[in-house]
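Dear colleague,

Here are the sequence and the structure for your files. My notes on the ligand site and on one interface follow.

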Amino acid sequence: MAETIPPAADAFLHVRDLTKQYPGSPRPAVDRASFDLGKGRMLALLGSSGCGKTTLLRMIAGLVPPQGGHVMLGGRDMGHVPLHQRQMGMVFQSYALFPHMDVARNVGFGLEMKGMPASQRNAAVRRMLELTHLENLADRRISALSGGQQQRVALARALATEPALLLLDEPLANLDVKLREAMRAEIRALQKRMDVTCLFVTHDQDEALSTADEIAVMSEGVIQQIGTPQDIYERPANRFVAGFIGRANFLPALWQRPGWAEVPELGLLAIAEHERWQGTRTLMVRPHAIRVRMGGDMTDALRACTGHVVDLSYTGGRYGCQVRVGPYLMETELEAGTRLPIRGQEVQLDWPAHRTRVLDGTP
Amino acid sequence: MNPLARTLVWRGLITALYVFLLAPIIVVACVSFDTRPYLDFPPRSLSLGSYAGVVRNHVFFEAMLTSMLIGAIAATCSVVLGTMASFGLVRGRFRGRAVFAWFFLSPMLAPHIVLAVGLMMTLQPLGLLNTLSGLVLAHIGITLPYTVRIVSMGLSRIDPAWEEAARVHGASGGKVLWHVTLPVLRPNMLAAGMIAFLISFDEAVIALFIAGRHATTLPLAIYEYIQFRTDPQVAALSVIVIVVSLLPIIVIERSISLRRAVGS
Ligand SMILES: Nc1ncnc2c1ncn2[C@@H]1O[C@H](COP(=O)(O)OP(=O)(O)OP(=O)(O)O)[C@@H](O)[C@H]1O
Ligand SMILES: [Mg+2]
């Protein structure tokens, strides 16, 4: 096993090799998860259902005891710190608001537990309610709130103690699309304003891409890649990440010479990779990087491939265009308003070499 | 049939059903105002004389106090024990949990007359026969199945995430119990207590077997009274008992719905 890497110099949250296998399960729910997160930054844990996001979050919160690995927060090892002294704030997927308390008492719960005197607490609660636009609902019972309002109360409760770390477990999953986008921006603004370090579980890639400073993509209990949204999208580390985030075309590729790869039954294609590899690897191109041209002469025949339009579908603002090129079915995109090909028409596809990426493994 | 007629027939049926169910109570209530010294329906002339008689009858008055005292103590103990048992039954992960559950429900299955004989033979060697404590113990026993059930129901409805949220936000184990779990259970505990009180307050058979001169409960006092006399005082007393019993029922209805408390 690899040696434990020391925390990065600017790491505020330092997670190393966290592992959890539930009894009776054939494989770990989380397998040696490691990452560092700087103070005030927001990391999205992104992955499909059942990949272990919640388990990882709960291990960091202290709600699930890990079987291995450790968590350090602000230079302090959390291993022996009891759950209620970890100074964390958490928004649960179901919100988990206390049904027997009104909004204000829910928000002030953490401060009450800390033993803050009531007068001071009321001021802090009022400030939190203002920040989350809940001033008018302070005396409401929880059962008399809408989903969006409950979500705000949960967020206010989690932030009221000014926690060292804010944990959010799919906080927006139960909201409708419009509200989700508004709340996403609000959470982000609040997180920045209070300068709180934040971990944010989601299975929605748009949410992760648009909200977080960094994204950790998880699959089957393993963190596949950590990086900025641009990194993850433009430079996916492997076939899984490339396929999980956004849409992509994958072609088998053999090494030809620096800057060029051979795709079976398609010919030579320009690539950004210059290092030699053995055997077949995977060439990735995003649909929107592909230029679709109809008729006309080929100025750069080497870079283009010719195919026939198989399907054209409107996706709001743009068209998805499937093109059969030799044995491959390529996804491309066309702006609405441009001249559109018809089904069966011959088109030329080309893309710049720097928009391609060579990944391990076959497609 | 047109809708109006159907509604009328339907309402008529419902009214008939209510009249049938309430008839004994209505009859008793009417008789309690009669002036004649025997039970007969309908009354000839009305007065509050029987009520005055009940209030002046110190046997009834003391029996009423005894019943209330026994009911209050038995209900309190039953709720405390029932809540503790519920935590074991709902939260516990141990072998024999099902047996444990049956143990608490068993008094509900045996007829009171059987329990009474058993209790008599158990309390005798302990020197608790014919004592208030003996009767309180017996009443805790027969009310436990109800309190355990009602509190367990509330406990199993508690979202574990509430307690987790409390812990994450700074509550130690004891504070979670005090600030979250028990307050959420409060309506169930209150309803359980009221039901236990009602059962104890109503109970006659067991009291008859194991209560002596030291613990004459109200049902016993009524029973003894009607062995020798039947006059409207009994009816007046019954009305008083019904009114007293209504109070806990209203509390139950307001804390958790009555149907949830007694239904399955
Ligand atoms: N308490 C538990 N006991 C046993 N297995 C569990 C438990 N909790 C989770 N698992 C299993 O562990 C795996 C990871 O679960 P986890 O809840 O962490 O996934 P997730 O990524 O949060 O999924 P989702 O997006 O659906 O919430 C799943 O296969 C799940 O069935
Ligand atoms: Mg989850």
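Thr55(A) places a polar side-chain atom 2.5 Å from an oxygen atom of ligand 1, and a polar side-chain atom of Thr54(A) is 2.6 Å from an oxygen atom of ligand 1. At Gly50(A) a polar backbone atom is 2.7 Å from a ligand oxygen. Of the 630 Å² that ligand 1 exposes when taken alone, the protein buries 57% (Shrake-Rupley accessible areas, 1.4 Å probe; for residues, only the protein chains shown count as cover).

The model is predicted: local features need pLDDT of at least 70 and side-chain atom pairs count only at pLDDT 80 or more, while totals for chains, interfaces and linings use all residues. Residues are numbered from 1 along each chain as its sequence is written, chains are lettered from A and ligands numbered from 1 in the order in which they are written, and side-chain values use heavy atoms, with hydrogens and water left out.

The residues around ligand 1 (a heavy atom within 4 Å of it) include Tyr22(A), Ala29(A), Lys53(A) and Glu170(A). This shell divides into three nonpolar, six polar and two charged residues (nonpolar: Ala, Val, Leu, Ile, Met, Phe, Trp, Tyr, Cys and Pro; charged: Asp, Glu, Lys and Arg; polar: the others, Gly among them).

Now the interface. Contact (heavy atoms within 4.5 Å) joins 17 residues of chain B to 22 residues of chain A. The area buried between the two chains is about 1800 Å², with 67% of it from carbon and sulfur atoms (accessible area, 1.4 Å probe, lost on putting two parts together and summed over both). Val168(B), His169(B) and His179(B) supply 39% of what chain B buries against chain A, more than any other three residues.

The count of salt bridges between chain B and chain A is one (a side-chain nitrogen of Lys or Arg within 4 Å of a carboxyl oxygen of Asp or Glu). Glu164(B) forms a salt bridge with Arg58(A), with the closest N and O atoms 2.7 Å apart. Of the elements, α7(B) gives the most, with seven residues. That side of chain B divides into nine nonpolar, four polar and four charged residues.

Chain B has 12 helices and zero strands (DSSP runs numbered from the N terminus; helices are H or I, at least four residues, strands E, at least two). Its C-alpha trace spans about 70 × 70 × 30 Å along the principal axes.

Regards

Technical notes: Polar contact = N/O pair within 3.5 Å; in protein donor to acceptor, adjacent residues only side chain to side chain.
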